[in-house]
Amino acid sequence: MKVFVDRDLCYGSGECAHRVPAVFEFIDDFGVVRPGREETGEDPEVLEAAEKCPSQAIRITGAPQSAPDRP
């Protein structure tokens with residue numbers, strides 16, 4: 001999967017950098033993806049960082065679709 005941060009949406013909470021510092025960092029009051037870390041594989045921590053981003057600025061493409069829960 002590929003990850004990026006939309007600077008137009010990011011307001012600099014820093015949650016991503018605190019959750020996954022190997023992928024995200026905090027520069028000029030904005031969260032950014034560390035150079036060379038745009039391709040993350042199937043990393044559940046990155047998916048959680050995107051889900052918990054308060055401004056919903058983290059975008060992920062190519063993420064696996066979760067299967068619906070079955071009874």
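**Notebook: fold and helix α2**

I began with the order of elements, and reading along the sequence I found that the protein chain follows the pattern β-α-β-β-α-β. I note here that I am working from a predicted model. Counting the elements, I have two helices and four strands in the protein chain.

Next I looked up the totals. Of the 71 residues of the protein chain, I find that 34% count as buried, and the chain exposes about 4,800 Å², of which carbon and sulfur atoms supply 48%. Turning to contacts between residues at least 6 apart in sequence, I see that 57% of them join residues at least 24 apart.

I then went to helix α2, which spans residues 44-52 and whose buried residues are V46, A49 and A50. Looking down the axis of α2, I see these buried residues fall within an arc of 100°, so they line one face of the helix.

On the face of α2 turned away from its buried side, I find the exposed residues P44 and E51.

Last, I examined the start of α2, where a side-chain oxygen of D43 reaches to within 2.9 Å of the backbone nitrogen of E45.

Key:
Residues are numbered from 1 along each chain as its sequence is written. This is a predicted model: local features need pLDDT of at least 70, side-chain atom pairs count only at pLDDT 80 or more; totals for chains, interfaces and linings use all residues. Side-chain values use heavy atoms; hydrogens and water are left out. Buried means under 20% relative accessible area, exposed over 50%, partly exposed in between (1.4 Å probe, protein chains only). Contact means heavy atoms within 4.5 Å. Accessible areas come from the Shrake-Rupley method with a 1.4 Å probe; for residues, only the protein chains shown count as cover. The arc is that of the directions from the helix axis to the C-beta atoms. A polar contact is a pair of N or O atoms within 3.5 Å; within protein, one must be able to donate a hydrogen and the other to accept it, and residues adjacent in sequence count only if both atoms are side-chain atoms.
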